[in-house]
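Open the model in your viewer and keep the selection tool at hand. We will go from stop to stop.

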Amino acid sequence: MEIAAVRPASTADTSPLVAVDHVRQRYSKGSGDDLLVLDDISLSLRGNEIVSLLGRSGCGKSSLLRIIAGLMPASEGRVTIGGRAVDGPAEEVAMVFQTFALFPWLTVLENVEIGLEAQKVPPAERHKRALAAIDLIGLDGYESAYPKELSGGMRQRVGLARALVVHPKLLLMDEPFSALDVLTAETLRTDLLDLWSEGRMPISSILLVTHNIEEAVLMSDRILVFSSNPGRLRAEIPVKLPMPRNRLDPAFRQMVDDIYALMTARPTGKQAQGIFPGTGITMELPRVSPNLLAGLMETVAGAPFNGHADMPALAGPLQMEIDDLFPVAETLQLLRFAEVAEGDIRLTEPGRRFVQLDPDDRKRLFAQHLLAYVPLAQHIKRVLDERGTHAAPASRFRDELEDHMSDTYAENTLRAVISWARYGEIFAYDEDSGVFSLDNPS
Amino acid sequence: MAQGDLAKVGRTPLLGLGGVGLRPNIYDLAIFILIAAAFVAMAYGAGEVTAPVARLTVAPVTLDPANLPGYALRTTLRMFAAIGASLIFTFVVATLAAKSRKAELVIVPALDILQSVPVLGFLTFTVVFFLRLFPDSELGAECAAVFAIFTSQAWNMAFSFYQSLRTVPADLDEVSRHFQLSPWLKFWRLEAPFAAPGLIWNTMMSMSGGWFFVVASEAITVGDTTVKLPGIGSWLATAIDAKDIGAVVLAVATMAVVILAYDQLLFRPIVAWADKFRFEQTAAQQRPRSWVYELWRRGHVVRRITLVTSWIGRTVSLLPIPLTQPPRRVVVAPRTGRGSDILWRLVILAVVAYALWRIVLFTEASLGWGDLLTALEMGLLTLLRVVVLISIASAIWVPVGVWIGLRPWAATRFQPLAQFLAAFPANVLFPMAVVLIVSLHLDPNIWLSPLMVLGTQWYILFNVIAGASAFPTDLREASTLFRLRTWQWWRKVILPGILPYYVTGALTASGGSWNASIVAEVASWGDTKLKAAGLGSYIADATEAADYPRVVLGIVVMSVMVVACNRLVWRPLYRLAERRFRLA
């Protein structure tokens, strides 16, 4: 591999490498309204910078990455790379996948060579370039191993080598470290940043999709924060901290805190119950187990938080990323057991009471709040009460939900309500027949 | 445990079980009518031939042991010709079904139904057809035999391949598009390797079933003509006519040697090699082994083959044809296909209507309601036999299989044996049973029946063994700790645990039994003819009398019954097993 300094040492040049212009993405649901995933996204990427797309799951950041990669077309708007409109996978772009996406039946070397093979590079040169990339990424010695023999970190290195070997200008990374354990992920991040700052990778820019706030602050020159449902560009945050960055540096901590606050800030004009998309009975609910809800309340109630916790401080020791933590916190907010704002979570009076109660009383309190604040639970209960048989098929409610959301979300929402209702013992659900009832099998 | 792993390798949903709904599909009905019409057309064509089929000048099969190796070789070659044809069929038809929605609409239900059709029933038509195609030549009869074996093998292989193509992992598909792999490269780097384990497993199952048909299709009587192709099946038929029990024993021994050789020399090496295609990101603890494969590897045979094939692959990939060019534009799912879809459906509808009309014309001329009633009655008798026999076989082999499967040392020993027995063509053993029935003056209506499951019961056994050896140790330990009573243990622990495996085995066994009934319900020993009343003997009799309308009627009734069994019993059971009892 040519290790020539493709990146000039000077500051970023001004002509954009990638330009995303008013891109909208919607999925058709078959019936009724289309689902808007990305709403009017415009951004640009210059040479010589690492940019993060930060957002929660469902904000469309992965879709945007795929649109830029030419793997799927945008419903509206256009994307240009190096001034040319993207109408398919572009040669200047290579991608690293969250799931590594290695061919299990090919060796490390063969996996790395696949892109060159597609470009019909002669075998001898292919071999030479692949070995150089493997060497660069620290995989020498593993050339003839199969992916299943490697650890997750090593597999992602293969993914990285495979992307670099085709000499792309732009490296797209789709949550590349999220399937790895904490230590492995950190090693890989550091190695990648070292290669980057030493200019040893033949790339000009990196676009990184992540839901990990610290990762974004650690690695990027700019962070683009997305909001969810539909995905919108909410803020652009330049990160001026010098490299290499230290997670314990107060300026680093402050920036992480600020982004937490930004991401938990309620969009203006929305009610507390508007934290999840949709309104009333068609609100999309996350599948959060009652155990997690109780667990988080207990943690926040206990020392050292005493009922009021800073979310980043909470996330660290619990080893929860925002995609794990936010849905739990927001469900507590929906149930009025907690208030979430400005990156903080504060237990409400019922929340504090809940922690003190014994299991049966907890269930009763939970049931009260569930019926009072989750319209779908209320709705199902009312239907069951009104019917002589006190039973109703789940399909009836599923159909109602599917009119307003995708099938997957409808299923998740229904599963969430079933799980909470079982805990609160307000109605039962029979898996085999798919029927809700008031029978309590006690 | 190599064999247990092997069984897991091929655990793609079985043909006829992978369907989404239980509701009868309108396409199934349409395709069924088309297939029935094809039979009618074949019968019609066969009836046109008034002249004796052909005057074959084949060297007569003699019972000289010196000829037996040659016969065995001929039989084996027929088998491989058929498996070759099945593979080509698989690659073409399954790829077509996976890539074209219109083709898919027809092919998938057709595969499902064809697999339920008793192929032995229409051997007559195909023999007549091929004899006319190559008059006065042995080739016609050879083609007919190969075709008969093909029809017993191709469907599940094609279905497995189709399913694999449809379930290629999304991320790998994205990688292929991202790096702009040409269709050629994508097929060999992604699709074929991904489909390999399922296809190899299904090919193996097909070959196991195929030996039965190769034996049955070598000696065919149509009207007054008997065609005997040199092979083990014809040797057997000759031995039966001559009442030569020694020759029968020799045939059994030869068959055993042949199957053992095919298993050790061909399939074990292929399975051992194909292990690397398993789509797993973790290394398996135990990998299938084969001494032949090890030998190959040590002798650098594998490496040389790889070199040659990769050279061929590379040369082809450089050819300037569309197949090897990168797909230039993103393929957007076209939403404009509605109109042509409707047109396509209309075409199918028109063809089906025409087919139905032809069937009615054909049956009106030669069949009455009474015939249908008789066929249904006979069908119920055969159904009764299948139900009783599968129940008895299950009652015996489920406990045995569980016992074996829970003991790793026993599983390693007995699993290959059970697979060997499943591959062994049971019809080679029929004469021995017939001798017994004749000499003991037993009632053929009862005692011929076990022959139907003689060869197919082993599918239950080796699937149960595979299920029991895959049963998680922690669950076993938990049930031991709770000191579950024997009955409780069976009902709550092990039976649910092996249910998915059992259903797979029992479905294969019952399908095979229906097919076997055509040769099992009628048997002879010299001049003595034994017959059990049933749909199998109904078809066999009609074949012998060259009564084509009744052959068609028999086949159609049997197909309907098999399809109905699959839809009403096995599919719901399988879905239940998959949903509730699939362990990890």
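Select Thr80(A): this residue stands opposite Ala85(A) in S5(A). The model is predicted, so local features need pLDDT of at least 70 and side-chain atom pairs count only at pLDDT 80 or more, while totals for chains, interfaces and linings use all residues. Residues are numbered from 1 along each chain as its sequence is written, and chains are lettered from A and ligands numbered from 1 in the order in which they are written.

Now show both strands. S4(A) and strand S5 (residues 84-85) of chain A pair in the antiparallel sense over 2 bridges. Strands (E, at least two residues) and helices (H or I, at least four) are DSSP runs, numbered from the N terminus. Two strands pair if DSSP finds at least two bridges between them. The hairpin has 2 residues between its strands, and Gly82(A) takes a positive phi near 60°.

Arg24(A) stands opposite Glu76(A) in S4(A).

Move to strand S7 (residues 170-174) of chain A. Is it buried or exposed? Of its 5 residues, 5 are buried. Buried means that 20 or more other C-beta atoms lie within 10 Å of the residue's own; exposed means 12 or fewer, and partly exposed is in between, with C-beta atoms placed from the backbone. Leu170(A), Leu172(A) and Asp174(A) are on one side of S7(A), Leu171(A) and Met173(A) on the other.

Show the partners of S7(A). Strand S6 (residues 93-96) of chain A pairs with S7(A) in the parallel sense over 4 bridges. There, Val96(A) has Met173(A) as its bridge partner. Strand S8 (residues 205-210) of chain A also runs parallel to S7(A), with 5 bridges. Leu170(A) stands opposite Ser205(A) in S8(A).

Then colour the domains. Chain A is divided into domain 1 (18-92 + 168-262) and domain 2 (280-437); these bounds come from an automatic or database domain assignment. Between the two, 13 residues of domain 1 are in contact with 11 residues of domain 2. Contact means C-beta atoms, placed from the backbone, within 7 Å. Helix H7 (residues 250-264) of chain A gives the largest share of the domain 1 side, 4 residues.

Finish on H7(A). Its buried residues include Met255(A), Ile259(A) and Met263(A). Pro250(A) and Gln254(A) are exposed, on the face turned away from the buried side.
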